[in-house]
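Okay, thanks for coming, everyone.

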Amino acid sequence: MLPYSYNEDRLFLVPVDPNTLMAYWDFCEATWQKLTQQGATHLNLTLHCEDSSRTFGTAKETRSYYFKGIPSDREYWLELGYAVHNAVFPLKESLPVRSPADRPSENRRVQFRRFQFLSPPQRPGQALEGWREVYRQGAGRWGMYGNLADPLRLSTPLRTPPTGVAPMEDGPEALFYYNGRAEIAAGTSSGALSSPHRREADPVLSVEQATTDPREEQR
Amino acid sequence: MSKGYVSLVLHAHLPFVRHPEHLDHLEERWLFEAISETYVPLLHVYQGLVRDGVAFKVAMTLSPSLCNMLADELLQHRYVRYLDNLIELAEKEVARTRTDSLPEFEALATFYRDRFLKIRHTFVDEYQGNILTGFRELLESDHLEIITCGATHGFLPMMQLHPEAIRAQILTAVQDYRRHFNTHPKGIWLPECGYFPGLDRFLAEAGISYFLVDTHGLEFGEPRPRYGVYQPVICPTGVAAFARDMESSKQVWSSEEGYPGDYDYREFYRDVGFDLPFEYVSQHIHPDGIRLNTGVKYYRITGKMDLRHRDPYNRQNALEKAAMHAGNFMYNRERQIEWLSGHMDRKPIIVAPYDAELFGHWWFEGPDWLNYLFRKVAYDQSVFEFTTPRHYLQEFPECQLSIPTGSSWGDKGYYEVWCNGANDWIYPHLHKAAERMVELAHHPRRNEPLIERAVKQAMRELLLAQSSDWAFIITTETAVEYAVRRTDTHIERFTELYRQLVEGVVDEGYLTEIEAKDNIFPDANPDVYLAL
């Protein structure tokens, strides 16, 4: 029989999909007594996004919660507290997480790097040194890399592609995105893969097509 | 000279199921059926290609839990017992169908008998019970690229709270790969293709050079990959990522449009284990009287009508259809690559990953389709060649820098299959156990043999509890009771060992008992939970 509680204060937050987060929590006995003695009526879940916060109330016996309908590709963290009358008392804060992306990035920066096969580590933990500290501080999606806005703080020099890329209309990479339909159907071929992300209805792409030419960046 | 490449990646995995405490455990048949229907038939295909000098390359995951079962003597022994029973059933069927003047079925019964005998010859005489030898030979001859997986197929995005747990899944897998294949794995199939940004750090630490994600994992990466899924990207850690091509995937996977649903192919859901009188098959089903699939099936899919209305299976017609479908797949890849290569500055790669068990187990003619496909591609066209991710990276090492987005290959493409209202109760226990495991790895008395044995066994129990299969089964509502029991059992065993270790008194009798049951990873090294 698995225990109902591990008698500790814990809060865990994880993305489930681009628009859903799941949190679970556990309380130690002392926390639970404090809640009861102070007459807590419910728990407060404050979900912080990069530029906003929203508070959800739930019964104090609840052990988990699904936050649905959140924007994708954003960083979130959760504060768990309890409410007594109109006052809110904090209990625990989660590590930050980032909801996955659900569309192609608007960042079209094209930089190449030469791949080399990796060797087995010479000693345990070699490649993870420094990682935990960054993770615990919780920079979210890019935390493990530092700031991905400049992901190129790398020891290995970056290189441009060995040969030039043939000029194409409205951004070459759009052509390589799956269109959701098997255009090359059994026995026939339409001869081209088109992209749903190029449709006019897609506002993101309308913006993209009016912005920078990735080949300029590459040069 | 070819214009591009196709890389087939077959993911062979089963959860570790081994029950020495039972003479005949129902779930052990998952492995036995997969050996007969998928793993040995695939070996036969590969061996035939090598024998005939057909140029081919293919990548396969052999997950650590699967390798541990295939190398286990008890399971090998039980498999032979299972197979002998099946041969006996096929012999009975040859006699019955002859006596009853059922020539169509007699031909099929004879086909099954001969097939089972051939499998037995391969398993027993050729490889002495360990078919990993056959796969290793193909690895050494550079036809097959074997990649690893999480140690017990743990769903890594749900372990982010305890990086040590992720590290243990990966490093244990690497160590186990070396034990079976005597070399270092170049690539990994992330369990369920479950990725989160930063996971590649752990791969880099383990010396793993590439991994695979689902289509959107790469397409929605940051920055946007110029060539979509037709080129690998490289993460800032130096690890490369390949992604699934949906076009080629859909042609094989789709229940509506995919090949396996063709009416000439064998019907999976009609089996003599259910069709024939109970008394007749009672020796060939579960001893408790539970009817089950034996593998002897006489009907083809026929159509979308009720399962009772099926026409007899015609092996020759099915093989002709497999050849036709192989030709169709090849034709479509030719057109796809011709188009792609005209728009790229290097040869495109189409990565087509599938569950290995689709081939043979679910789609009986799957291995035949592969056989025809490899031969046709070698001789009937010159637009593309088969390759593996490793060979492709050797030829085209310049990769665009990008980081895939969090994703999986499960339903809806993210983590929901492994984290939802039905199975999320698992995670508080797994997380607590992972935290405690780190504590055990620092146990001050690990230099004492009995303490170290207990710490190692605790590690095995945690790894087994982490298998993504349990959460998956609970979601899909198939063998739910078994999946829940396995989760409970391993957490309970872990917790009991933890209690004993914290108190400093290990019950050797209890330890010996569960060591005998959960004997995965004989070289388990709890040090993988250290050093963070």
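Let's start with one bridge: A:Tyr24 has A:Ser64 in β5(A) as its partner. Strand β2 (residues 20-26) of chain A and β5(A) pair antiparallel over five bridges. On terms: strands pair if DSSP finds at least two bridges between them, and helices (H or I, at least four residues) and strands (E, at least two) are DSSP runs, numbered from the N terminus.

Quick housekeeping: this is a predicted model, where local features need pLDDT of at least 70, side-chain atom pairs count only at pLDDT 80 or more, and totals for chains, interfaces and linings use all residues. Residues are numbered from 1 along each chain as its sequence is written, chains are lettered from A and ligands numbered from 1 in the order in which they are written, and side-chain values use heavy atoms, leaving out hydrogens and water.

Back to the sheet: it's open, three strands ordered β1-β2-β5 in chain A, with antiparallel pairing. β1 (10-17) and β5 (64-68) are its edges, each pairing on one side only.

Next, the hairpin of β6(A) and β7(A), with two residues between the strands. A:His85 in that turn has a positive phi of about 55 degrees. Six bridges join these antiparallel strands, residues 75-84 and 87-93, and A:Ala83 partners A:Val88.

Finally, chain B: helices α12 (residues 315-341) and α13 (residues 366-379) pack at about 45 degrees, axes 8 Å apart. Axes are lines fitted to C-alpha atoms, for helices over the stretch in contact (heavy atoms within 4.5 Å), and angles run from 0 to 180 degrees between N-to-C directions. So α12(B) and α13(B) are oblique to each other: under 35 degrees is roughly parallel, over 145 roughly antiparallel, 65 to 115 roughly perpendicular, and the rest oblique.
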